[in-house]
Amino acid sequence: MYKVMLVDDDYPVLEYLSKMIDWSELGLTLQSVHINGMSALIEAETSMPDILITDIGMPKMDGINLTKKLKEKNSSLIVAILSCHNEFEFVQSALKLKVQEYILKDRLDLDQVVQLLRQFKHTLDVEQNNKKSQLQMAHTLERNKAMMIEKLLNKTIYQPLHYEKDWSKEAELFGIKRNQKYIIILCVVDAYQSLLNQFRSKALMNFLFYNVITEMMDKEELKGVYGHFDKENSYLFIPDHDICEEDTYKIKKVIEKIQCIFYETFGISISFIIGKGATLPIEIKNQMIKLMESKVQKFYLKPKSIVNLQELPISQENIFSWYNEASREFKETIVLNNVEMEQKVAMIKKWIQFIIDHQFSPDSVKDWMLKILLDIKVKIQALTNFKLYGVPENLYDTISQINGIFEMENWLIEFFNKSSNQAIYESISNVEIANACRYISENIHRKITQDEVASYLHLNSSYFSRLFKKEVGENFVKYIVNLKMKRAKELLDQTNYTVIEISELLGYENQSYFNKTFKAFAGIAPIEYRKGDYAK
């Protein structure tokens, strides 16, 4: 509903209008009434009305000055002057301020006021609809522009450049000026596949990047052009006026700001590879291709990097020479239930670092890792009552879509973490105890009792206790405590939750008891563990 403010030092008039008009029936809200202009102005600082009905002659601030000040804040404000004065100077002042109506109190008619309010609401409705249409049109134009730039970039790389003048003419429509030298920068979205799963829409994600980056360049007066190219890759074209050290510094600072906005606001990590300057269309095309074909540099790029384009050497060694050793270690570490997740993570990181140190070709790394995962899958399927949860139907597609070594590392850790959490339930031969372990895991966030789980399984509590220890190898209470403490270590390592929040997340009502339990488990207090005051 639109808000109405009444201002008049004649209290009976205020009372009459506020009580006699059915504001809600008109689709309006009577925001407030005031006996002077200063009081109305103070409220408008925090809550601006859509319609102002005001007297002229009032103490502290008259209606003309009040209207002038509120119009400065909101030029679309609709104003009706309600006055005893019919002199030309007041009418003239009101006209200059584009007041919509001038009503004399001695001719005040309630039906007339109601009719005016209906007209005012209609005017506001039309204006609001026009603004919506304009915003939708601007939104559509920006979307179309982003898609047209993407089409131009694809055409530039994949099609022959027969007529450079035609290319320049088309590029100028998007801000890439003829005979202007540009620094060409490749933008790479880190962990693209994971991000795409969150957005569910490539178009929405691409438009977000286009909006944020173009807005940032406009704000910093960089006069650059941004365009999405394909999947995780897009380009920035920054004007190079015989670029000096100061300009280079400015470009990098803007890129850092872009990185910061995406990471802090959306949790998105982006890296940038800075190419060389290019002026002619064919030079721009060649530089774009060089950036796009820098597969080795992109594969080994650390998240949130800003680096110059360079050709990285590929190891001439055969990564499959280490296949048997790696496959054996992966299978032994991943398949065995008594191996802590921390050990599994350490093993994954060890082999990822081995790959980085040798710098094998990206394709050979993907083939090597795919073969190891398939071997693990076969090994696990041969085990009775054991399933590896979360294995994609087509591992080849999943691995081939991973574009960087650090993305591969994160995917492997997440994949085996999920698998490990589920695998233990299927490896327990007793179905009831497997169900008990699953129930405990799903309710780890609260206090769980032995009687509760026994009741859930429709078992006698004493019998359940003996059976649980026999199958799992430790008693019920110790099992839950260990599970909660392992989760606490994960939360301390991987999140910014406070110790109090973590204790609450794990169902501990008393933080002192949580601290004591954690210290007994890890040998160190939670806050010290987070600081890293322990031997890793």
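These legends walk through several close-up views of one predicted protein model.

**Before you start: how to read the views.** Because the model is predicted, local features need pLDDT of at least 70 and side-chain atom pairs count only at pLDDT 80 or more, while totals for chains, interfaces and linings use all residues. Residues are numbered from 1 along each chain as its sequence is written, and side-chain values use heavy atoms, with hydrogens and water left out.

**View 1. The protein as a whole.** Let's get our bearings: the protein has 23 helices and ten strands. Helices (H or I, at least four residues) and strands (E, at least two) are DSSP runs, numbered from the N terminus. Of the 536 residues, 44% are buried; here buried means under 20% relative accessible area, exposed means over 50%, and partly exposed is in between (1.4 Å probe, protein chains only). Among contacts between residues at least 6 apart in sequence, 67% join residues at least 24 apart, where contact means heavy atoms within 4.5 Å.

**View 2. Strand S9 and its partners.** Strand S9 covers residues 270-278, and seven of its nine residues are buried. Two strands pair if DSSP finds at least two bridges between them. S9 runs antiparallel to strand S6 (residues 182-189), and seven bridges join them.

View 3. Gln359 sits in the loop between helix H13 (341-358) and helix H14 (362-381). Is Gln359 buried or exposed? Gln359 counts as buried because its relative accessibility is 19%. Leaving out residues up to four places away in sequence, Gln359 touches Val296, Tyr300, Leu312, Pro313, Ile314 and Ser315. A polar atom of the Gln359 side chain lies 2.8 Å from the backbone oxygen of Pro313. The phi of Gln359 is near 55°, a positive value in a residue other than glycine. As background, most residues other than glycine have a negative phi.

**View 4. Lys60, an exposed residue with a positive phi.** Lys60 is not a glycine, yet has a positive phi of about 70°. Lys60 lies in the loop between strand S3 (51-54) and helix H3 (63-73). With a relative accessible area of 71%, Lys60 is exposed.

**View 5. The second largest pocket.** Grid points are joined across faces, edges and corners, and a volume is the space filled by probe spheres set on the points. The second largest pocket has a volume of about 520 Å³. Its lining has 20 residues, and Glu232, Asn233, Lys295, Lys298 and Asn403 lie nearest its centre. Two or more lining residues come from each of helix H5 (110-158), strand S7 (225-230), helix H10 (281-292), helix H11 (295-299) and H14. The lining divides into seven nonpolar, five polar and eight charged residues. For these classes, Ala, Val, Leu, Ile, Met, Phe, Trp, Tyr, Cys and Pro count as nonpolar, Asp, Glu, Lys and Arg as charged, and the others, Gly among them, as polar.

**View 6. The largest cavity.** The protein holds six cavities of 30 Å³ or more. The largest cavity has a volume of about 90 Å³. Of its 14 lining residues, Val189, Phe209, Tyr226, Glu232 and Ser234 are the closest to its centre. S6, helix H8 (202-219), S7 and strand S8 (233-239) each give two or more residues to this lining. Which element gives the most to the lining of the largest cavity? That is H8, with four residues. The lining of the largest cavity has eight nonpolar, four polar and two charged residues.

**View 7. The second largest cavity.** The second largest cavity has a volume of about 60 Å³. Residues that line this cavity include Trp167, Lys177, Arg178, Thr279 and Pro281. Helix H6 (164-172) and H10 each give two or more residues to the lining. H6 gives the most, with three residues. The lining of the second largest cavity divides into six nonpolar, three polar and two charged residues.

Definitions and conventions
A polar contact is a pair of N or O atoms within 3.5 Å; within protein, one must be able to donate a hydrogen and the other to accept it, and residues adjacent in sequence count only if both atoms are side-chain atoms. On a 1 Å grid over the protein atoms alone, a cavity is a set of points where a 1.4 Å probe fits but cannot get out, and a pocket is an open set with protein on both sides within 12 Å along at least five of seven lines; lining residues have an atom within 4 Å of a point.
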